[in-house]
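Welcome, and take your time with the view below. Turn the model slowly while you read, and stop wherever a paragraph points to a place.

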Amino acid sequence: QVQLVESGGGSVQAGGSLRLACEASGLPDSRRYLGWFRQAPGKELEGVAAIYLTGGSQHYANAVRDRFTVSQDNAKTTVYLQMHSLKPEDTAIYYCAAAYAYFEEHMRWDNRNDYDNWGQGTQVTVSS
């Protein structure tokens with residue numbers, strides 16, 4: 001049974017940094033995307049970043065490119081989202097999710113419907 005547990009959320013002023021972690025257990029293999037999604041109040045869930053565990057290639061939404069970095073530990077059991085230069089519009093609940101993809105190009109990293117397992121979410125609040 002796949003379990004995803006996020007941590008590291010909190011409150012920060014604009015321009016600050018936070019690092020989120022997603023600890024994954026029960027993944028049967030590394031042919032997975034581990035993605036970060038977020039949902040701001042009144043807005044739809046959107047993809048933020050993802051990493052394909054086999055090979056470690058990274059994907060980013062345009063809104064966070066050059067500010068956020070997604071990475072994994074060597075055991076491929078924890079995925080991080082390092083967030084710099086945070087803006088008030090980054091305020092949201094951030095979710096970690098896992099999706100099976102035998103090959104990286106078999107799915108779009110930001111298609112939430114392809115993700116089968118989700119964490120409980122962690123709140124990120126950025127004040128101006």
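To begin with, a word on exposure: a residue is called buried under 20% relative accessible area, exposed over 50%, and partly exposed in between, using a 1.4 Å probe and protein chains only. This is a predicted model, in which local features need pLDDT of at least 70 and side-chain atom pairs count only at pLDDT 80 or more, while totals for chains, interfaces and linings use all residues. Residues are numbered from 1 along each chain as its sequence is written, and side-chain values use heavy atoms, leaving out hydrogens and water.

Let us start at the surface with Phe103. Its relative accessible area is 40%, so Phe103 falls in the partly exposed class. Phe103 sits in the loop between strand 9 (92–100) and strand 10 (117–118); strands here are DSSP runs of E with at least two residues, and helices are runs of H or I with at least four, numbered from the N terminus. Together with Tyr100 and Tyr102, Phe103 makes up a nonpolar surface patch with about 300 Å² of accessible area. Such areas come from the Shrake-Rupley method with a 1.4 Å probe, and for residues only the protein chains shown count as cover. Patches consist of residues with over 30% relative accessible area and no salt bridge, where like charges are joined within 9 Å and nonpolar side chains (Val, Leu, Ile, Met, Phe, Trp, Tyr) within 5 Å.

Now look inside. In soluble globular proteins, nonpolar side chains tend to be buried together. A nonpolar core is a set of buried Ala, Val, Leu, Ile, Met, Phe, Trp, Tyr and Cys residues joined through side-chain atoms within 4.5 Å. The largest one here has 41 residues, and those with the most contacts inside it are Tyr33, Trp36, Leu81, Met83, Tyr94 and Tyr115. At least two residues of this core come from each of strand 3 (18–25), strand 4 (32–39), strand 5 (46–52), strand 7, strand 8 (78–83), strand 9 and strand 11 (122–127). Strand 9 gives the largest share, seven residues.

Charged pairs come next. How many salt bridges does a search of the whole structure find? The search finds five, a salt bridge being a side-chain nitrogen of Lys or Arg within 4 Å of a carboxyl oxygen of Asp or Glu. One of them joins Asp29 to Arg32, with the closest N and O atoms 3.2 Å apart. Asp29 is partly exposed because its relative accessible area is 30%, whereas Arg32, at 11%, counts as buried.

Arg38 has a salt bridge with Glu46, the closest N and O atoms being 2.6 Å apart. Glu46 is partly exposed at 36% relative accessibility, while Arg38 is buried at 5%. Arg38 also forms a salt bridge with Asp90, and there the closest N and O atoms are 2.9 Å apart. This pair links distant parts of the chain, since Asp90 lies in the loop between strand 8 and strand 9 and Arg38 in strand 4, 52 residues apart. Both Asp90 and Arg38 are buried. Through shared partners, salt bridges join Arg38, Glu46, Arg67 and Asp90 into one network.

Is Arg67 buried or exposed? With 10% relative accessibility, Arg67 counts as buried. Not counting residues up to four places away in sequence, Arg67 touches Gln82, Met83, His84, Ser85, Leu86, Lys87 and Asp90, where contact means heavy atoms within 4.5 Å. The side chain of Arg67 also reaches the backbone oxygen of Ala63 at 3.0 Å.

Most residues other than glycine have a negative phi, and most peptide bonds are trans. Asp66, however, is not a glycine and has a positive phi of about 80°. Asp66 lies in the loop between strand 6 and strand 7, and a relative accessible area of 78% makes Asp66 exposed. Ser85 also has a positive phi, near 50°. Ser85 is placed in the loop between strand 8 and strand 9 and is partly exposed, with a relative accessible area of 41%.

How values were computed
Polar contact = N/O pair within 3.5 Å; in protein donor to acceptor, adjacent residues only side chain to side chain.
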